[in-house]
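Could you look through the model below before reading my comments? I have set them out as numbered points.

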Amino acid sequence: FYIGTQLAPAALDKVLQQAVSAADVHPVIAEETPLEVVCRQHQDYNLFFVINFTGDKVKLPAVFSGGRDLLTGRILPVDLLLNQYDTLVVVQERHTD
């Protein structure tokens, strides 16, 4: 896709949705969250980098509760709130069936 002009927000949304669809892009996790979540894959595990760039406290998505934060070694509770700029690196084992 090439856009040679500044589009109105609604038009830009439409073009970006078409580009995402054409590229077969999907969210890293199913739960919607304002947190930035990036995944790096290894053959045995996934590393999820979770960062709060908002100015608010944000609840950690449920998919990560019970996971282990590599930065602190702690197991992540269900009700964990991330402050602005809080960062986690969550490891999840990959299951090969």
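The points below take up the first helix and then the sheet.

1. This is a predicted model, in which local features need pLDDT of at least 70 and side-chain atom pairs count only at pLDDT 80 or more, while totals for chains, interfaces and linings use all residues. Residues are numbered from 1 along each chain as its sequence is written, and side-chain values use heavy atoms, with hydrogens and water left out.

2. Helix H1 covers residues 9-23, where helices (H or I, at least four residues) and strands (E, at least two) are DSSP runs numbered from the N terminus. Its 15 residues reach 21 Å from first C-alpha to last, close to the 21 Å expected at 1.5 Å a residue, the expected span being 1.5 Å times one less than the number of residues. After H1 comes Asp24, with a positive phi near 55°.

3. The sheet is open, with four strands in the order S1-S2-S6-S4 and antiparallel pairing; two strands pair if DSSP finds at least two bridges between them. Its edge strands, S1 (36-41) and S4 (68-69), each pair on one side only.

4. S1 and S2 (residues 45-51) are joined by a hairpin through three residues and pair in the antiparallel sense over six bridges. Cys39 has Phe48 as its bridge partner in S2, and Val37 stands opposite Val50.

5. S2 also pairs with S6 (residues 87-93), in the antiparallel sense over seven bridges, and here Asn46 has Gln92 as its bridge partner. Because five of the seven residues of S2 are buried, this strand is largely enclosed by the rest of the structure, buried meaning under 20% relative accessible area (exposed is over 50%, partly exposed in between; 1.4 Å probe, protein chains only).
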